[in-house]
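Here is a short briefing to read alongside the model. Have the sequence and the 3D view open as you go.

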Amino acid sequence: MHWPRGVRARLAGALVLLVAVTAVGLGLAATLFVDARLHAQALADARDQAAFDLTVIVPGRQLPAHPTPDDIDRSGLLVTFQQRGVETLVDLTGLGGPAGSGVVQSSDALDGLLERLPADVPARVGRGELAYAWLDIRGTRSLVVGGLAPGGGPAFYFVRDVGAIEVAVDQLRTALAIGALVALVIALLTARVVARGILAPIEEAGETAERIERGDLQARVPVTSHDEFGSWADRFNRMADTLSETIRRLENAQHQNRRFVADVSHELRTPLTALVAEASIVRGDVGKLPPESRRAAQMLVDDVNRLRDLVEELMELSRFDADAEEVALDRVDIGRLVETVRAARSPKATFSPPATPIVIDADPRRLERILGNFLDNAKEHAGDKSVEIEVVERDDDVVVAVSDRGPGVPADRLEMIFDRFTKVDPSRSGGSSGLGLAIAAEHAALMGGYLQAMGRDGGGLRIELVMPKDVAGSLRSGDVTVT
Amino acid sequence: MDARILLVEDDPSIREVTAIGLANAGFTVDTADDGRAGLDRFGAATYDLVLLDIMLPRVDGLEVAREIRRTSIVPIVMLTARTDTIDVVVGLEAGADDYVKKPFEVPELIARVRAALRRVARSDGDATSSLRLGPLSIDPAGRTVARDGDGEIALTRTEFDLLVDLARHAGQVLSRESLLDRIWGYDYLGDSRLVDVAVGRLRAKVEADPAVPELILTVRGAGYKAVK
């Protein structure tokens, strides 16, 4: 069975995809949002601090209007800022004067900072605004905020280490990735549980269908839910109901049919017994009758016998239909049995017994009946033409074959000759009922064998009884009584 | 042969034509149309043979056979409508010696009747000395069997004839066909179930444990033999 795996895989795939897309989308949005918020917060803090420093702290140190680097050093401003975690660079170049050239910085890390700033930052600082830029300084993410000291003093650039933002965002990303993995695992497990929930009733329905296929017409799919599957199961069960009801009606009809045949043949038996006894007395005296009625009397006798054969064959078939037959197995020397029947029933038929006796377990009365019916059939269709009987071993079987040189049977009708009331050539009504081979087939089946028919080269028909050598092994032991 | 035959058959046509056929063959025939009348007739006269339909009104044929067997070993031939093993077995177990299947031809019936009568004549004239089979002593002239220490065993004529035949050929396998020929007088293919049923009934009476026969043995694919 391939489809349950398919459904499971598809369901799992869909759930995993859904979870993955959701996790990635949410993760991206969350990181971007948090990243932006952290940067904005850091920037706002830095700007507030810078404004405070420039307007409150720097003026408080009483710097001269044109401070020299030494003035800056002496004021201790840079140390103050550094203690708050902020590196500072003071640009004195914009102030003019011989003493006012150069920069003062709190750390070597700030070498060349001014050159690396985007051009508009110093420009805006020069115009007296606060300006900022994000820069990597010696591998550390940093925020630079610049502004002028009040009264056109030197330009201060405050540099803050904002690597913590990156670390925080990285941690967030890791946390989200782990969360996404957990969600995926949960999705897979959910897919399994859901798939099992969906597939369990389907598998149960499959088993039910298999049981029905094997002949258990009472098998039904349990209806346990009110969903689509429940209504499907209900419809399936209604179909099975209809099917088994139809089959039951057909079987009933067939049973009644057969019962009727059995009853009719049984009822016919009493008048038939009188007829047969009467005819048997008349037969001996047909010659003494006046010529006008002699022929009619002879026909009467013959027709009574035909009727007798027909009724007896119908009753025999009825017993098979009622399973009233049982097999009595004995050791049978097939060659000897065939020779006995040939001598009694068809002395003109040729038969050469097998060189070494073939002995099997079989019911000798049934074998006699089958062979007798074969010979009757050959006699009826082949008349005086030669009839041959053969006994051969073929693999694990013993084959008893009767071949005639009659008109034969068209290949497409060969199978039908074992059906009841089959007459291959309706114009040749003959004397037989058309039940002989059907009866033979029933006897053969009862012993675990079967019949087959085939055409012959040069015309004629060959009918074979194929019997397993190990009859007892091919029958259920309960059917057999061994004498 | 002017043997006297009692024919018990309920269907008037069958009864009449059978009686005609038997009369034509030289037998004296009395008829009865149900089991009760049959038993009354049997009690009122002496018959050499009884022809008995199984399906009879009032008292059925099996019951009639059992009733007759209480007092007589007269040969009983059953007329049976069905030839299922069960019918044949039940008929023979009720005490019948042979059966004729319906529908039958009159010559066929007469042949069976003559065979049964011949058997009576032959076994009545049997004066051979007594036989032994294991613990059984058999006296063919007196038609009695006794088991050592147990006394006499009641057997029907068929069972007795079968026992004598097997005992006379002790150690020798007798095929069903030859037994049918010798005991029942079938000179053509007869019904071997007659033999099987009769052997079964005989075993039930003479064997210590009929399920494990020690006196009359089955030889698979061949027939039966009595131990030597």
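In chain A, 5 strands make an open, antiparallel sheet in the order β2-β1-β5-β4-β3, where strands pair if DSSP finds at least two bridges between them. Strands (E, at least two residues) and helices (H or I, at least four) are DSSP runs, numbered from the N terminus. This is a predicted model, in which local features need pLDDT of at least 70 and side-chain atom pairs count only at pLDDT 80 or more, while totals for chains, interfaces and linings use all residues. Residues are numbered from 1 along each chain as its sequence is written, and chains are lettered from A in the order in which they are written.

- Strands β1 (residues 86-91) and β5 (residues 155-161) of chain A run antiparallel and are joined by 6 bridges.
- Within chain A, Leu89(A) faces Tyr157(A) of β5(A).

**Where chain A meets chain B**
- Contacts (C-beta atoms, placed from the backbone, within 7 Å) link 19 residues of chain A with 20 residues of chain B.
- On the chain A side, α7 (228-284), α8 (291-321) and β6 (327-333) each supply at least two residues.
- The largest share of that side, 10 residues, comes from α7(A).

**A closer look at Glu312(A)**
- Glu312(A) belongs to helix α8 of chain A.
- Glu312(A) and Arg269(A) are 43 residues apart in sequence, with their C-alpha atoms 8.5 Å apart in space.

Conventions
Two residues are in contact if their C-beta atoms, placed from the backbone, lie within 7 Å.
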